[in-house]
Amino acid sequence: MWNKSISLPLPVLPEQDADGFPVPAGDSLIEHIPARQCTTSRIDETLASQDGYTIDMAVDINKVAYSGQSYFIDEADGAIYDIRATRPRQRGVLIQLTGELREHGKV
């Protein structure tokens with residue numbers, strides 16, 4: 001069933017130094033989340049095009065692992081995908097993350 005592995009960022013609380021200034025926190029990741037890469041329908045691609053993005057990868061994961069993150073990382077090649085849409089699947093156990101490949105240099 002699972003044919004991929006992805007990473008999702010952990011929500012990080014802002015830290016402060018002794019003087020009260022914010023300290024930049026490094027990205028912490030939830031790694032090795034089992035995922036299934038799925039195909040998209042023509043309707044999905046048309047709706048994405050109308051919303052101004054392309055679907056580069058769609059994966060199903062357990063919905064417990066997802067908590068509103070804005071991107072995921074494909075562990076096979078390290079590519080970062082911005083999450084553009086989510087959709088519940090299979091009686092609410094899984095959630096589908098629709099991602100658009102992030103261009104290098106963009107945050």
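1. A residue is called buried here at under 20% relative accessible area, exposed at over 50%, and partly exposed in between, with a 1.4 Å probe and protein chains only. The model is a predicted one, in which local features need pLDDT of at least 70 and side-chain atom pairs count only at pLDDT 80 or more, while totals for chains, interfaces and linings use all residues. Residues are numbered from 1 along each chain as its sequence is written, and side-chain values use heavy atoms, with hydrogens and water left out.

2. The fold first. Six strands form a closed barrel in the order β1-β4-β5-β8-β7-β6, with antiparallel pairing. Strands (E, at least two residues) and helices (H or I, at least four) are DSSP runs numbered from the N terminus, and two strands pair if DSSP finds at least two bridges between them.

3. Strand β4 covers residues 29-38 and pairs with β1 in the antiparallel sense over five bridges. K4 is bridged to A35 of β4. Strand β4 is also joined to β5 (residues 57-62) by three bridges, again antiparallel. Within that pairing, C38 has A58 as its partner in β5, and Q37 has V59.

4. How many salt bridges does the model hold? The count is seven, where a salt bridge is a side-chain nitrogen of Lys or Arg within 4 Å of a carboxyl oxygen of Asp or Glu.

5. Helix α1 spans residues 42-51 and contains both R42 and E45, three residues apart, about one turn of the helix. Their side chains meet in a salt bridge at 4.0 Å, N to O. R42 is exposed, with 64% relative accessibility, whereas E45 is partly exposed at 35%.

6. D44 and R87 form a further salt bridge through their side chains, at 3.6 Å from N to O. D44 is in helix α1 and R87 in strand β7 (residues 80-89), so parts that are 43 residues apart in sequence are tied together by the pair. R87 has a relative accessible area of 34% and is therefore partly exposed.

7. Which residues are linked in a network of salt bridges? They are R36, D60 and R89.

8. R102 sits in the segment after β8 (94-101) and is buried, at 18% relative accessible area. Its side chain makes a polar contact with the side chain of D82 at 2.6 Å. A polar contact is a pair of N or O atoms within 3.5 Å; within protein, one must be able to donate a hydrogen and the other to accept it, and residues adjacent in sequence count only if both atoms are side-chain atoms.
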